[in-house]
Amino acid sequence: MEAIKSIINFLSYPEWSFTLSLILFGLAMWSKALWTKAGGWIMLILITVFFGLSLFDPNFFVVVAKPDNVPIVMMIYIIGFFWWYAMYKAHQNDRRIEAGEPTFEKSESEDRIFTWPDLVFSEFICMVLLTVGMVLWSILLKAPLEEPANTSVAPNPSKAPWYFLGLQEMLVYFDPWMAGVVLPGLIIVGLMAIPYIDTNKKGNGYYTFKERKTEIVLFLFGFVILWSELIVIGTFLRGPNWNFFGPYEYWDINKVEPLVNVDLSEIIWIKILGVGLPGHWFVREIFGLLFTAFYFLVLPVLLIKNKFIDGFYQKMGPTRYYVGMFLFLTMMLMPIKMYLRWFLNLKYFVHIQEFFLNL
Amino acid sequence: MAAPKKTPDRHYDFTAMNKWFAWSSLALLLITIWMVVEDYAKPWKRLQAEFRELERQKLVEEAEAERQRINQEEIATIEEEIRSEEARLDEQEAELKELQDRLADLDDKVYEADVDARTTKSHLDTERYQYDAALQTGDPKKIDSALATLERRRETYGEDRITLEAYLEERDMVRAEIERKMAGLKEDEDRLDELRGGLESLENRVAGLDKSIDYFVLNAPLMDMLEPQLRIDQVQLPGLYQNINFTSVDRVDRCVTCHVAAARAGFDGEGWEEPFRSHPRLDLFLSSSSPHPYNRFGCTTCHGGLDRATNFARAGHSPINEEQKAEWKHDWGWQKQKYLDTPILPAQYTEAGCIGCHAGNVWTASSELQDTGRELMSRMGCFACHKIDYPAFTDVPRPGPSLERVASKTSPEWAYQWIEAPRDFHPTTWMPHFFFLENIVGELNEERQRAEIKAMVAYIWDRSEVIDYSDPPRGDESRGEDLFNTIGCTGCHLNDAEASRDDLFPQINRMHGPNLVRTGSKVDAGWLFAWLKDPKAFNPETRMPSLRLTDQEAADLVAYLMASRDPAFENLTQPEVDGQVRDDLAVVYLQNTQTIEQSKATLAAMSDRERDVYLGGQTIRKYGCFGCHNLRGFEDAKPIGVELTEEGSKPVHQFDFGHIHDIPHTRHDWIKTKMLQPRIWDHGKESVKDYNELYRMPDFGMSEREAEAVTTNVLGFVKESVVTARRADQRPESNALAEGRKLITRYNCQGCHLIEDQGQAIKTAITDPGMWPPNLAAQGARVQGDWLFEYLHDPASESMRPWLSVRMPTFGFDDHQVNMLLSYFAARENRQAFLSEPERPDRRSLTVGKGVFAMLQCAKCHPAGPVAPGAVSAAELAPSLLLAQDRLRHDWVADWIKDPLSWVSGTKMPVFFSRQDDGSYSSPLAQGIDLPMWSTEKDRMLRYFDSEEELKEYLADADNVTAALRDHIWWGLEGGS
Amino acid sequence: MEALKNLQKSIVKSQIWKSIFRVGIPTDNRKRALAMLGNVVLHLHPIKVKKSGLRMSYTWCMGGTAFFLFLVETITGILLMFYYRPTVEYAYFDMVDLREAVAFGIMRELHRWGAHAMVISVWLHMFRVFMTGSYKPPREFNWNVGVILLVLTLLLSFTGYLLPWDQLAIWAITVGSNMARATPVLGHEGPGAALLQIGGTKLIHVGSDARFGLIAGRTIGNGTLIRFYVLHCVAIPFVAACLIAVHFWRVRKDGGISGPM
Amino acid sequence: MRKYRFWMICVLAVSLFGVACGGGEEAAAPERAAAPEPAPAPAAGSGGITGVITYANGDADTAISMDADPVCVGLNAEGAETQTITGAEGKLANVFVYIKSGLSGSFPVSAEAAVLDQQGCMYAPHVSGVQVGQTVVIRNSDPTLHNVHALPTVNAEFNKGQPFQNMEFEHTFDKSEVMVRFKCDVHPWMSSYMGVVEHPFFAVSADDGSYAIDGVPAGTYTVEAWHETLGTQTMEVTVGDSAVAAASFDFAPAG
């Protein structure tokens, strides 16, 4: 038992768990079997078994049972379910399309139904049931109230509201101005931009995977991996001093992790070239700046060489393509930075403390 | 509703839909009911209902008892009388009837007349106004007519008044008549009511508590929004606040919502358990007559806990031990309140609650444990390493003896032995163990400690001044012994190898000075002689007073004390320690300021002794020895411990429990454990931590009780949570009170004297009560400031109790200290320390005084002249009255003679005047004067009185007599005229 | 029995009744249409909807859920406002009172859990809309409105988080608001802030930057509490309400409940 | 409870259902055993306890020097002795014997007052007993100053001076206490002991060491014998109806 626990603890450390989730995500997107009733059941059972068993572990229980963490446990299930459900329907439709039949939605969107009573009633019943649910929840689970506010005693760890923990997790890898301002901003912008970038006429108003593979994969990657998973990590696996703790680890305040992160400039100038850091910031950070420039300006162009991507370029035209590519690359900065941190202890590409510009 | 059947333009099957609708609505109904129930069925409601029932039963029993008490015969007789009365009235029915008719008739008339009068009056007022108005116009015609009407009206009004008053008068007469007739009856009825009253009120109260219909209606869910009987009972406490992040929020206590009877008397004794018991000390707390009435102080101010809570767990109850915890978990759903920083103090520490308000006065009246704790802390010298910013612990001298001349007194070998394990030598010493404690493991560390001790001794001797003392004169041991036992040494010193501190708890005054056992193996006889003769000469700051010993006495004492030896502590040697270990320790210190290479060099340059001395100095700094002892080179070193001023408010998570998991993580458990095992939190880290990082808190060898007493205090050191105005004793004098009490603790006055009913520890050493040093109750009221001033400076100057073998020592107070004590005694009695000269009384009262003095035979006990040797056994004598004039307060003596016991409990001074219910005192002398044996006195007094009656009257009045006595003592005694 | 029937009839026929309920329980299609048109709440809906749009399996009813929770939060929130004073002295102890003394203090639970549920349901709503590609023309704009509503939902929840004034609250907000220090140009620790200065006088410092504006002070305090209170109770709900209206309107105008175009 | 009321109304308004029918269970108070009726005073029984106090070491009293007060010297021409250990050969007087426990109910307080006299600068009697609430008359038959200084531990202390002959005052003790010591601070040798008990079942041994307690209701009791210097002894005694039980004590250890 303990052995298994320690394995899980080890695997749950971000470098492994994240890689693992990437692989699983890839497989999931690729597989068809998963998006069937059977697949759904299996997933459900696996997750439930995992939680069920883990609850016996005191450390795990302490974290999960916090009143404010309950919604997140719920969230894992709900998102998991709807993810599966959407894909399930999508695959069904795809099969119908292959068979040349209209999609469910199409087949039904023709005949119209009087709103009264069907819709009105079903809505009303929904509300009633929802109310019942909410009251039940409120009776069973008391809202937390901790000791009165005290600016001189900081709880450890002090966490943002759970839905912002994704951002707080990003803080580990990015400077506040990126993690706290730029990236969130770009997320919103990006979401808004979607309808204008996505030129795919197909798949409008019905579930389908085949017809819009790329969009869906990218979106799910952002929504499930970069948003939901980071929230889960931030909630359950980040302990005192924002140190990482496996699900069965005791949150020990005294846990210490080595801080050996270095900037790109240091790696190149000192480790590789073996000379000291140049005085002027521009010279010092030149490589970082070059890299950034390359990443955002050159890379998109180079990528067009790739046939698959070229296809998009043709469809979308230069502006759409570049904007889309920029957003995509920004999103990809996250995993890239994570891996560089884990395996090269990279701190910043660009580190200009002269005016707090760290990337 | 009529459900349309499924048709093409319908999507759902409606019978199914309706089912859904039905079930979901039902679910909603149920959940709503559940919500209401959840909201209604609060635990405190159950408790209140329960208590109502219990109280009701109690009242029923009381009513029963009352019924037993009431004398039925008496009632019967009265009722009989009533009947007869009524009968009598029946006979006179006719005229009574007639009277009542007249009364009714008159009532009407009065009413009528009254109405008329008032109407006229209102007209009158109007016409007055009209007259004024007319005046305004200035038209004489108008004025005249107005005046005329006004006059007329005034007359009518006059007449109306007369008729009215006439009627009123008549009516009163008739009323009186009727009442007179019925008086007998009324009287009887009143007596009956009086008899039955108690019972009736009881029965009414019972009725009030009956569970009648309206009880259920009023407290029914949703109905109880109006006027429920079960309700939250709260009190707001302005000025007693909670300190939330720099803002203060007044407390709102809801404790009595469940502890219904807390502030009410009569709910104790068997059958009454929490939460339904009365407060055990209603005389001190909660009751409206007590100094801490409930509506001004509430509960959480002293007890702590979440004031607004209405739920057992959330209130923050703290169990006294694991058993209770388990019990509470089971009975009350107790839970640890993670988020409550101020849980209720566990019962054994409740007295910690006093400190918040009373610390300013140093002592807290009647909080024994906390007070003992404070005394322990001053003696153990906690404040010497930890800053504790309360009057009791600020600007007080170092608790330990000065080491600036220790070399003249004992040997380094002894010192080594002593530092290593003080309690081996003196079982009761306050000096703690610093070395060889639980967190020191491994041969290396032990060697390091030996090195440190040796180095410290080296340093101390290096800095210490050496005085050579010649041998003392020969003394007699046995004489020394009874000197020791009789002149008062025993007030502060034990001489007992078996003694243990815990046995003397809480009376610790006799351990003020060191336990003198084994003195012979410790000190140099010559030094001891010099020391006893004049301690201040050796150490100006010492608290050891001079007993004004003669050389012979001193020599005898020396002989006695030096006789107590213990071979185990003689011709000792210091162990050899590995020089390398010593050097390594030294280098570490050198490296604070030097590089590794430099430090090595510096060390190399030192001689062996220099290295010892250097390390010694650093070690003394490390352990903070200078906190308790004067040491050359550390005059202004800062204390090494953490400040404790607000320790009681430190969040629990800031206490380091190390790897200890079997001790509950609470503030009080941490502190107490720390007291008992100061180094325990190093457990498991002993070998990981650096030698100099290990905990340094020494082990005072506390007993459970001592630890609890100290913990009680530390728990009480909390953040301010009471506005100044609401703290205890805010009189201007209260500062004097505090300062005086500090001196009393510092010089251990209570070792010998009874002060504020505490102390006189010497009792345990001197069996004969007659030989006990005096009780200083009401001292401020009794003696004159000037006299006390002189006396405290030089007790030898006066001796009002020559028979006492105990000597009031010379403490060598400076004027400031003496004045402090004076104003302390005065403040205790709300008096001025000094008062003006009384003027001489007339001959008469002097003569009477002389006579009374003789009649009461005062001289039997009070030597009114030089003491006749062997007259009465010394112990039974009273102070000589010759001193009275200089010593006693003129404004007190009379009151004292009137009722001595009320001033000093246990005094031998008898009461001659018996207290009457009205507070005055009666005097027996009026009768006594007739006895033949006092005829001469009688004649002498009669000269000043016109008649014998007058004299007797005079003598019968205690005030006169006592005043006369006082005057005689003041003016009559000199020369024995 | 008869009597009752008559009574009912007379009530239903009475002028008062009629003035309130224009059409009785619809029995034919015309009446059904009228029922929808005549009722202010119901007329948010079209008279007829696509069958597909009716399917729970298609819409997940997440939009509706989110809206309903918005209403729940409004009602419970209003009730809570009666007892809550947004000042550092009272805020915390008013919470304690809600728990200890006030009847139906459960409103607080409803409000808090409702907020969590609302955040999740809004996400899922977006998720669903994406998966059915319902953001595609002509619905681009409504998707944007939706995104803004999502942001507003998060802000509502965030501002509300501070109000209990316990450790959880202020430290969550501290962490959250600390990021604003680093706003580029506008945060005193953000890149470019140093550039904003006139004749050597810095314009952006700890007392004037974005964070200061957000929490009304250098540290979280009474100012923050008031500010967040107003944002939480008035400002954001107002904006949200308007946008919700727009959102619904556009749903109708952009081809009804999403479905194949 | 404003808040309370207000919300109720809101809730009423909001909830469409007649919630009023939701019942909150009434807390039923547990039956508390009614306190026992005050036991009726048992008819003073006809039984009794008698016995003899023996003590081997015989009379060991010492003479008192009354030089301090000439009056006293005058009053005791033939000198006086301490009264600690008195009684005929082998017998012990001035032992206070009483029923310590085993009695139930309350007993009427005997009407006539106990007298403590001061005669010839001695207390008479030296050892005595009274009931709680029974009046004690304290008299000074000497033409000199005495002060009656009672040193109780549970009762209230008093210390009255009696400067004139034949002065007297009354006192009643309100708590039971064995023994209350009396002393005179003017004449240190004077002392007396008084046992204060709830019931009338006590006695003081006479010169021949004998004592008798009568009117004892039947039952089993713990009887205690107290002596000023020799401490106390206790004994289980069973008194039958109108039977006299024997309880003799021997204070003679010092062999």
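A residue is called buried here if 20 or more other C-beta atoms lie within 10 Å of its own, exposed if 12 or fewer do, and partly exposed in between, with C-beta atoms placed from the backbone. This is a predicted model, in which local features need pLDDT of at least 70 and side-chain atom pairs count only at pLDDT 80 or more, while totals for chains, interfaces and linings use all residues. Residues are numbered from 1 along each chain as its sequence is written, and chains are lettered from A and ligands numbered from 1 in the order in which they are written. For the complex, the predictor gives an ipTM of 0.80 and a pTM of 0.84.

**First stop: A:Leu264**

Select A:Leu264, which belongs to helix H11 (residues 264-272) of chain A; helices (H or I, at least four residues) and strands (E, at least two) are DSSP runs, numbered from the N terminus. A:Leu264 is buried, because 22 other C-beta atoms lie within 10 Å.

**Second stop: where chain A meets chain C**

Show chains A and C together, for among the five pairs of chains that touch this pair has the most contacts, with 71 residues of chain A in contact with 85 residues of chain C. On the chain A side, the elements that give two or more residues are helix H5 (70-98), helix H6 (104-109), strand E1 (112-114), helix H7 (115-140), helix H9 (176-197) and helix H10 (213-237). H7(A) provides the largest share of that side, 14 residues. By class, the chain A side divides into 45 nonpolar, twelve polar and 14 charged residues, where Ala, Val, Leu, Ile, Met, Phe, Trp, Tyr, Cys and Pro count as nonpolar, Asp, Glu, Lys and Arg as charged, and the others, Gly among them, as polar.

Next, select E1(A) and strand E1 (residues 48-50) of chain C, which run antiparallel and are joined by three bridges; two strands pair if DSSP finds at least two bridges between them. Within this pairing, C:Lys50 of E1(C) stands opposite A:Arg112. Chain D, by contrast, does not touch chain A, and the nearest C-alpha atoms of the two are 12 Å apart.

Select helix H17 (residues 477-486) and helix H21 (residues 551-562) of chain B, which pack at an angle of about 100° with their axes 7 Å apart. Axes are lines fitted to C-alpha atoms, for helices over the stretch in contact, and angles run from 0 to 180 degrees between N-to-C directions. H17(B) and H21(B) are therefore roughly perpendicular to each other, a term for angles of 65 to 115 degrees. Among the residues that make the contact are B:Leu483 and B:Phe484 of H17(B) and B:Leu557 and B:Tyr560 of H21(B), and by class the contact has five nonpolar, one polar and five charged residues.

**Last stop: chain D**

Chain D has two helices and 17 strands, and of its 255 residues 36% count as buried. Its pLDDT, the predictor's confidence in each residue from 0 to 100, averages 78, with 80% of the residues scoring at least 70. Colour residues 14-42 of chain D separately, as their pLDDT is below 50, although this stretch has 41 contacts in the model beyond near neighbours in sequence. Where pLDDT is low, the predicted coordinates should not be read in detail.

Then select the open sheet of four strands in the order E4-E3-E6-E9 of chain D, whose pairing is mixed. Its edge strands are strand E4 (122-124) and strand E9 (167-172), and neighbouring strands are turned by 20° against each other on average, direction ignored. Strand E3 (residues 114-119) and strand E6 (residues 135-140) of chain D pair in the parallel sense over five bridges, with D:Ala114 partnered by D:Val136 and D:Val115 by D:Val137. On to E4(D), which runs antiparallel to E3(D) with three bridges between them, and where D:Ala124 stands opposite D:Asp117. E3(D) and E4(D) form a hairpin with two residues between them, and D:Gly120 in the turn has a positive phi of about 55°.

Conventions: Two residues are in contact if their C-beta atoms, placed from the backbone, lie within 7 Å. Angles under 35 degrees count as roughly parallel, over 145 as roughly antiparallel, 65 to 115 as roughly perpendicular and the rest as oblique.
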